[in-house]
Amino acid sequence: MMLTALNDYARERGLVDDPLYETKAVDFLIRLDRKGKLLGLEPTQDEKGRGIPMSIPRLPPRSVNVSAGFLADNTKYVLGHDPETASREGKANKGVARLAAFLKLVREALADVDVPELRAVEGFLANDAARAKAIAERSAEEWTGAEMLAFKVGDSTELVHELPDVRAWWERRSQKVASLGKKGLCLVSGKMGVLADTHPKLKNVPSAQGAGASLVSFNASAFTSHGFEQGDNAPVSQQAALGYTAALNDLLRKSDERRFRQGIQLGEDSVLVFWTNSTAEQESQLLAMMDPTEADVRRFVEAPFRGVEPSDLDTRRFYAVTLAGNSGRVAVRDWFQTSLGEVKQNLRRYFADLRLGDSAPSGPVPIWRMLKAVEAPSGRGLTPDVSTRMLGAALRGHPFPRQLLSAALDRLRLPPSDDKLEREQLRLRVALIKAYLIRHRGDNAAPLEVTVSLDKSNSSQPYVLGRLFAVLERLQGAALKDLNATIRDRYFGAASRNPVTVFPRLLQLSVHHASKADSGARLERQKGEVMALLPPKAPFPSVLTLEEQGLFAVGYYHQREAFFAKRAPSEGGPSSDDSSDD
Amino acid sequence: MKTAASKRMRVRARGPVACFTRPEMKAERVSYEVMTPSAARGVLEAILWKPAIRWHIHEIAVLAEVRWTSFRRNEVNSRAVVGKFDYAADEDRAQRNTVALRDVDYLITASFSMVPGKSGPEDNVRKFEEMFERRLEKGQFFQAPYLGCREFAARVEPASADLNPLASEHRSLGLMFFDFDFGEPGGTVRPLFFEGRLDRGVLQVPTRDEVLKHNGGLS
């Protein structure tokens, strides 16, 4: 299903219109005269030093084998020049074999069609001195071996591989080669076709090999069955194999603003790519919601949820797959499909569930920032699949993974490391906790109602305890001003886990604080109000569950934000804040 | 000669995890969304199989919502070799990801037919039907029935009459693995595929002849 959807995508967006040619950045043109004498090396790079994309005969899939392109390829094949092996001794130099393979194709063509330009190229390739001269056109350090080269002969404007006779020959030959392959039913397209032995590779998948990795591969005997080899284990036609890889490579391609044109990095080793059978415009709007760039966030302030409003495209399909590199292979971590409308609705709900506090801007927060806020201080991310499941849950509207809750609570227990980031980090952590709680369904219980900002009528014990803790912290702050370690740094963890061990002592302390603080009387009264919501017989439970600890954190945050919010309008005098609201 | 066929039998198979591995995603496993006919056949054959009978799957009904899970396991690169016991899994390890199904619950409708030439004079359809029912009732099996991979054990029992497919499940399943065409003994094995569709929670399985025709003629 997934490969079929990708193959369809490639066909609809015209990514495989021409299976014999592909668009690649060509760095240099080798200009020859009609006799094959080198006239010069013409750089085609733009101002940023990148080659200009051109249509060239499709390059064969390569790993360690030698397999040449036709009339266009990299330096290692066209000139037989590999700067890496040239400088490193003792490593087998494949230059000769590569050049021979490249030349062989040209000679093969020349045997069938006598094109003077082709003859010029053949003459150049066969001439060691001419090639050496071409290499000498650039200094030795400049060559990387990866430059793409193509040919131009005389003052022709067309590249040699673009000449009509040459094109016709390439098409004839490709057909002949294809017809030699095994035919069978393709399990992607459902049609009979020539089956692919090995599949093209995916580029730019995190923690996969740089040269690319395969999604469909059978590289160990344990992966095969009934004596099948390679592609026969899963019959896929060459066309479909080209289609689905072209689609994925297009989605994974690096773009100007992003690491993946239409993908979201999740943790160290995975990427979620998505596509639709809707429009590219819809896709870019969804991407801007899920993983906004700075520019997206700015746009978002002007027009919130642009593109999420219902439209007549909502019945179109939405597909998402999370890929992770595993050296030479690509693994699917998660895969799902649904309708565009449903994804939009789920995204809207995701943002609503994460909303916390009236004062904070409610723009979309990139998923990586969300996850960064709850990762361990050591910088080691969460286990790889938490991020996958987190985004999966957001898109599907499912509950969030419980590890997020425990990770967020763990971070809250540690003293804040950086005051500047602290407030934002705290908000993100509590927002995640809140979203988790809203979606969490305990044993046959209805999901919790957790509000965006302070809810004075909420008498749930953990929530009230959280509020009380915030009041106590405030009291301490008002009494003692600059402190090295506040009660939050010392007691937050214990207070949220085992309230009974901490609260009685904190309450004793607070009486002392109240007598010292300027606004002591007011805060004392507030403390009394909050305490009144607790059951008088057993105000402090001995243990709180993980979910209750979450609620504690939300209560704490709400109360704390209420203090900030109250002070904000009357910024002028610090002591002018009074109890005007009650 | 017409081969004798049994009545249709209904079997319920469920379990906490299942992975009906797609052939194209076999190295890093991804499951089909619904049990494949060959996996269903495997479940039934685990309860009762004789050379004289051949199972046919007619329907696979989904009783629980399709849910996914994903995990990584350490597996090995080589296949087990009979008679070789000094195998060190530590040296031949492959970490592989699995995208599997969770909490699956299926209602399999199947029948069997007698294989001509393999049954003795004392064999008849009724005998095997009763044998199967008895074994199913008692929970007997030749090998532990499983859901796609041997490690995902299945709980198998006779289906009560009040079981209903999950009517909200509608989806195209794409080309799905049907079974292998083993051909002549010693000949080449060929995988067969069919166009799967979940309609009101039910996957209708085509007959083997229909599938063979779709896959390019009878072998």
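**Close-up views of a predicted two-chain model**

**View 1. The salt bridge between A:Glu22 and A:Lys24.** A:Glu22 counts as buried, because its relative accessibility of 16% falls under the 20% limit for that class. As in every view described here, the coordinates belong to a predicted model. The partner of this glutamate is A:Lys24, and the closest N and O atoms of the salt bridge are 3.9 Å apart, a distance that still falls within the 4 Å cut-off for such a pair. A:Lys24, for its part, has a relative accessibility of 28% and therefore counts as partly exposed. By the rule applied here, 51 salt bridges are counted over all chains.

**View 2. The interface of chain A and chain B.** In this contact region, 34 residues of chain A meet 32 residues of chain B, and the area buried between the two chains is about 2,800 Å², with carbon and sulfur atoms giving 59% of that area. Two salt bridges are found across the interface; A:Arg329 forms a salt bridge with B:Glu28, in which the closest N and O atoms lie 3.0 Å apart. Between the chains, eleven residue pairs are counted in polar contact, with both residues at pLDDT 80 or more. On the side of chain A that touches chain B, the elements giving two or more residues are α1 (2–12), β11 (317–326), β12 (329–339) and α13 (384–396) of chain A. The largest share of that side, seven residues, is supplied by β12(A). Sorted by class, the side of chain A that touches chain B consists of 19 nonpolar, nine polar and six charged residues.

View 3. With a relative accessibility of 4%, A:Arg333 counts as buried. Its side chain makes a polar contact of 3.0 Å with the side chain of A:Ser270. When neighbours within four places in sequence are left aside, the chain A residues in contact with A:Arg333 include A:Asp269, A:Thr322, A:Ala324, A:Pro384 and A:Thr388, while B:Ser70, B:Arg72, B:Asn97 and B:Val99 are among its contacts in chain B.

**View 4. The salt bridge between B:Arg41 and B:Asp179.** The closest N and O atoms of this pair are 2.7 Å apart. B:Asp179 counts as buried, at 8% relative accessibility.

**View 5. The salt bridge between B:Glu75 and B:Arg96.** The two side chains meet with an N to O distance of 2.8 Å. B:Glu75 belongs to strand β4 (residues 67–76) and B:Arg96 to strand β5 (residues 93–114) of chain B, so that distant parts of the chain, 21 residues apart, are linked by this pair. Both B:Glu75 and B:Arg96 are buried. Elsewhere in chain B, salt bridges with shared partners join B:Arg12, B:Arg14, B:Asp105, B:Arg155 and B:Glu157 into one network.

**View 6. Cysteines in a structure with zero disulfides over all chains.** B:Cys149 is in no disulfide, and the nearest cysteine sulfur, that of B:Cys19, is 4.6 Å away, whereas a disulfide would need the two sulfur atoms to be within 2.5 Å. B:Cys149 is buried, with a relative accessible area of 6%. A:Cys186 is likewise buried, with a relative accessible area of 0%.

Note on methods. Residues numbered from 1 in each chain as written. Chains lettered and ligands numbered in written order. Predicted model: local features only at pLDDT ≥ 70, side-chain atom pairs only at ≥ 80, totals over all residues. Heavy atoms only, no water. Contact = heavy atoms within 4.5 Å. Buried area = accessible area lost by both parts, 1.4 Å probe. Polar contact = N/O pair within 3.5 Å; in protein donor to acceptor, adjacent residues only side chain to side chain. Helix = DSSP H or I, 4+ residues; strand = E, 2+ residues; numbered from the N terminus. Nonpolar A, V, L, I, M, F, W, Y, C, P; charged D, E, K, R; others polar. Buried < 20%, exposed > 50% of the residue type's maximum accessible area, 1.4 Å probe, protein only.
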